[in-house]
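Subject: Structure handover

Hi,

Here is the structure I promised to pass on. Please load it first, then read the notes below.

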Amino acid sequence: DRDIRRVDAFSAPARLKRAAEAHGAHARLANRLNFVDLRRHLDAGGVAVALHAASPTMPHYETIHGYAVGADGTPWLWMSDMGRGESVCLRYEAFVAERWGRLRWYGLATGFDRFAILLSRGPMAGGDSAPWTNPLLS
């Protein structure tokens, strides 16, 4: 943990990406991740570490490791929060609207919108490079 975080607070996504790569994972930073692309990544055996608002002043990460689509077409996400020891299933639209979309921190826009660190054991389609940058990432 001390190798990743500069202070005992929020971990910068680029530092988490580098740490994952140092341990042999393939990683990509993704912003504005839609359900179709997320589903494609999960179907290929990957996981997504989603940055979301745990509260108005607390950004937080949760691992998205599965999904389901209800009989009515409603997409659901299977997620784990290792910090809290919880696993939950949430409607995709509710997660985006309430916690994942257009992340704000202390009321300020961050530029993160459905942001995740995509992780896999092997190379990802499109490569592992980040197509999107933000000064908050490093």
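Which residues of the largest nonpolar core touch the most other members? They are Leu-33, Leu-38, Ile-64, Leu-77, Phe-95, Trp-100 and Leu-118, out of 17 residues in that core. Bear in mind that this is a predicted model.

Core

Helix 2 (35-43), strand 2 (47-55), strand 4 (75-81), helix 3 and strand 8 (116-120) each give at least two residues. Helix 3 provides the largest share, four residues. There is also a second, separate core of twelve residues. Among its members are Leu-29, Ala-53, Phe-115 and Leu-119.

Look at Phe-95 next. Leaving out residues up to four places away in sequence, Phe-95 touches Ala-50, His-52, Ile-64, Leu-77, Met-79, Leu-90, Trp-100 and Gly-101.

Aromatic rings

How many aromatic pairs are there? The count is six. In one of these, Tyr-92 and Trp-100 have ring centres 6.4 Å apart. Their planes stand at 85°, so the pair is edge-to-face; the cut-off for that class is over 60 degrees. Both partners are out of the solvent by the 20% criterion: Tyr-92 is buried at 9% relative accessibility, and Trp-100 is buried at 0%. Ring pairs also join Phe-35, Tyr-67, Tyr-92, Phe-95 and Trp-100 into a cluster.

Six strands form an open sheet in the order 1-8-2-3-4-5, and the pairing is antiparallel. Strand 1 and strand 5 (86-91) are the edges, each pairing on one side only. Neighbouring strands are turned against each other by 35° on average, direction ignored. Strand 2 and strand 3 are antiparallel partners over seven bridges. At Ser-55, the residue standing opposite is Met-58 in strand 3.

Helix 1 packs on this sheet and touches strand 1, strand 3 and strand 8. The direction of helix 1 makes about 165° with that of strand 1.

Helix 1

Which residues of helix 1 are buried? Helix 1 covers residues 13-22, and its buried residues are Pro-13, Ala-14, Lys-17, Ala-19 and Ala-20. Note that a lysine is on that list. These buried residues pack against strand 1 (26-30), strand 3 (58-69) and strand 8. Just after helix 1 comes Gly-24, with a positive phi of about 95°.

Backbone points to check

Most residues other than glycine have a negative phi. Two residues here go the other way. Arg-102 is not a glycine, yet its phi is positive at about 45°. Arg-102 sits in the loop between helix 3 (92-100) and strand 6 (104-105). Tyr-106 also has a positive phi, near 55°, without being a glycine. Tyr-106 belongs to the loop between strand 6 and strand 7 (108-109).

Are these two side chains buried or exposed? Arg-102 counts as exposed because its relative accessibility is 67%, and the cut-off is over 50%. Tyr-106 is exposed as well, with a relative accessible area of 60%.

Two further spots

Glu-93 lies in helix 3. Its relative accessibility is 39%, so Glu-93 counts as partly exposed. Glu-93 touches Thr-74 and Pro-75, not counting residues up to four places away in sequence. The C-alpha atoms of Glu-93 and Trp-76 are separated by 8.3 Å, and the two residues are 17 apart along the chain.

Thr-110 is in the loop between strand 7 and strand 8. Is Thr-110 buried or exposed? Thr-110 counts as buried, at 10% relative accessibility. A polar atom of the Thr-110 side chain lies 3.1 Å from the backbone nitrogen of Phe-112.

Best wishes

Methods: Residues numbered from 1 in each chain as written. Predicted model: local features only at pLDDT ≥ 70, side-chain atom pairs only at ≥ 80, totals over all residues. Heavy atoms only, no water. Buried < 20%, exposed > 50% of the residue type's maximum accessible area, 1.4 Å probe, protein only. Core = buried A, V, L, I, M, F, W, Y, C linked by side-chain atoms within 4.5 Å. Contact = heavy atoms within 4.5 Å. Phe/Tyr/Trp six-rings, centres within 6.5 Å; stacked < 30°, edge-to-face > 60°. Pairing = 2+ DSSP bridges. Axes fitted to C-alpha atoms, helices over the stretch in contact; angles between N-to-C directions. Polar contact = N/O pair within 3.5 Å; in protein donor to acceptor, adjacent residues only side chain to side chain.
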